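User: Hi! I would like to learn how to read the features of a model like this one. Could we start with charged pairs?

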Amino acid sequence: MTAILYIALRFISIVAGGIAAGTIGSLTGLGGATVLVPVLSLFYGIPIIYATGASLVSTIATSAGSASAYTREKITNVKIGIGLEIATTAGAIVGSLTAVYINNNNYSWLIYIIFGMVLLGSLIPTIQRGKYEEPLPRKADWSTKLFQLAGSYYDQRLKKRISYEGVRWWLAEIIMFFAGVISGLLGIGSGALKVLGMDWAMNLPMKVTTTTSNFMIGITAATGSSIYWYNGYIQVFIAAATALGVLIGSFIGAKILVKITNKNIRWIFFAILSFLGIEMLLRGLQKSTVLNITPLLETVVSILFAVVMIVALYFYTVKGGEKNAKGN
Amino acid sequence: MQKEIDLDLITSYILRSGVYISLFFIVFGTILLFVRNGGLNQTLSSISNFNNMNFNSKFIPLGGIPNGIVTLDGVYYIATGLWVLIFTPISVVFIAIIDFIKDKNRLYVAMSIIVLFNLFFAMLVIPRLT
């Protein structure tokens, strides 16, 4: 009886980890899986491949849940999304097979290092996102017409219909391929790269970009998940707990997000994320035996790095933004 | 215009119900695991031991799902939930194809088929290669 109680506690603690990850993921806009993988592997001692497998499946749940709301509001551009899915699904196949290769050859420390770098690298564009609501108009190119990239949506806040014309479809496809690879390799949605592909390359409005990216994440993750399944990287006990937890967490996050008036609170979460990113990096180096430090030192170094990085980014983004505003 | 509205609503509805159905199977499966102290001839403690590399999705034959559902096997219920989740976004691509066919948009019909090809390549072809 006590054994079952102990296992029930273990299940609940993973659900709790999922809730925390889902909440932070949706508050920062990076997605639950990006937080979940470090949490599971660093704090629960779950093998990284099971952590990425469980995250990949949980990603589908959150993506489908929120995509349901956005397609109803007609902000998501399903056409552009499916066109770009050609590249993300192909990338997901390459990424998941790479994960299989890495795991079969005991290079799993590489996953930690790549994860750490991707997490830290996606922080910067995520922090700077949302500075401008509408993109600067760009001249339509050949791909705009051929791939039918024009569209419009009704903006509730601005109370007007916003029209847009996507450009550089080919460039977005290339970026999406890498987004797919990262998704399959690390078990995350890689929303940051998908946003880069649509916002920067295709010049789509931020609302269309984020909602369409969210819609695409589910299809990309479904491709990776099935490869993960057949290779035994999905542990049903963990996946069941995280799917539940992350879904609840992203729901809570979305509710809190509407209520937060002081946007500076987000910086606390950005700090947590950079801490997790550096921890993953150090843990990977540790596992590869390049670096040999005690867990305590690892934590201290990570905290210091996280604080320095976030303070620097804060001054660069917030203060720099104020200066620009005054200049205008 | 009317037709587009319908398909967007159906997409939204399918996505949401997919999540609910899968959650039902996952939660019910988890309860079964605890009540019956395991599933798929494994004890609960070996299923919950995540350092156990001998129990994971590789050892859950999908063909066993119908029988597992009938015999109230928790592992198969969770597996069903997870696969419902995987198929949820895929079904949206099917709906999009219907929409593109109605619009006689050949380019996008072809592109959706490529996406589906990739998906099923990952599901059906790659498992047989490795």
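Analyst: Happy to. A salt bridge is a side-chain nitrogen of Lys or Arg within 4 Å of a carboxyl oxygen of Asp or Glu. Side chains of opposite charge can pair when their charged atoms come close. Over all chains, the structure holds three salt bridges. This is a predicted model, where local features need pLDDT of at least 70 and side-chain atom pairs pLDDT 80 or more, while totals for chains, interfaces and linings use all residues. Side-chain values use heavy atoms, without hydrogens and water, residues are numbered from 1 along each chain as its sequence is written, and chains are lettered from A in the order in which they are written.

User: How many salt bridges are there between chain B and chain A?

Analyst: One. B:Asp8 and A:Lys74 meet through their side chains, 2.7 Å from N to O. B:Asp8 lies in helix α1 of chain B and A:Lys74 in the loop between α3 (48-72) and α4 (78-104) of chain A, so the pair joins two chains. Helices here are DSSP runs (H or I, at least four residues), numbered from the N terminus.

User: And how do I read the size of the interface?

Analyst: The size of an interface is often given as the accessible area lost when the parts come together. Here that buried area (1.4 Å probe, summed over both parts) is about 5,100 Å² between chain B and chain A, 76% of it on carbon and sulfur atoms. Counting contacts (heavy atoms within 4.5 Å), 60 residues of chain B touch 60 residues of chain A.

User: What about the nonpolar patch on the surface?

Analyst: A patch joins nonpolar side chains (Val, Leu, Ile, Met, Phe, Trp, Tyr) within 5 Å, from residues with over 30% relative accessible area and no salt bridge. Accessible areas come from the Shrake-Rupley method. A:Trp142, A:Leu146, A:Trp170, A:Ile174, A:Phe178 and B:Leu107 form this one, with about 620 Å² of accessible area together. α6 (142-146) and α7 (169-186) of chain A each give two or more residues. The largest share, three residues, comes from α7(A), the helix where A:Ile174 is found.

Methods. Buried area is the accessible area (1.4 Å probe) that two parts lose on being put together, summed over both. Patches are made of residues with over 30% relative accessible area and no salt bridge: like charges are joined within 9 Å, nonpolar side chains (Val, Leu, Ile, Met, Phe, Trp, Tyr) within 5 Å. Accessible areas come from the Shrake-Rupley method with a 1.4 Å probe; for residues, only the protein chains shown count as cover.
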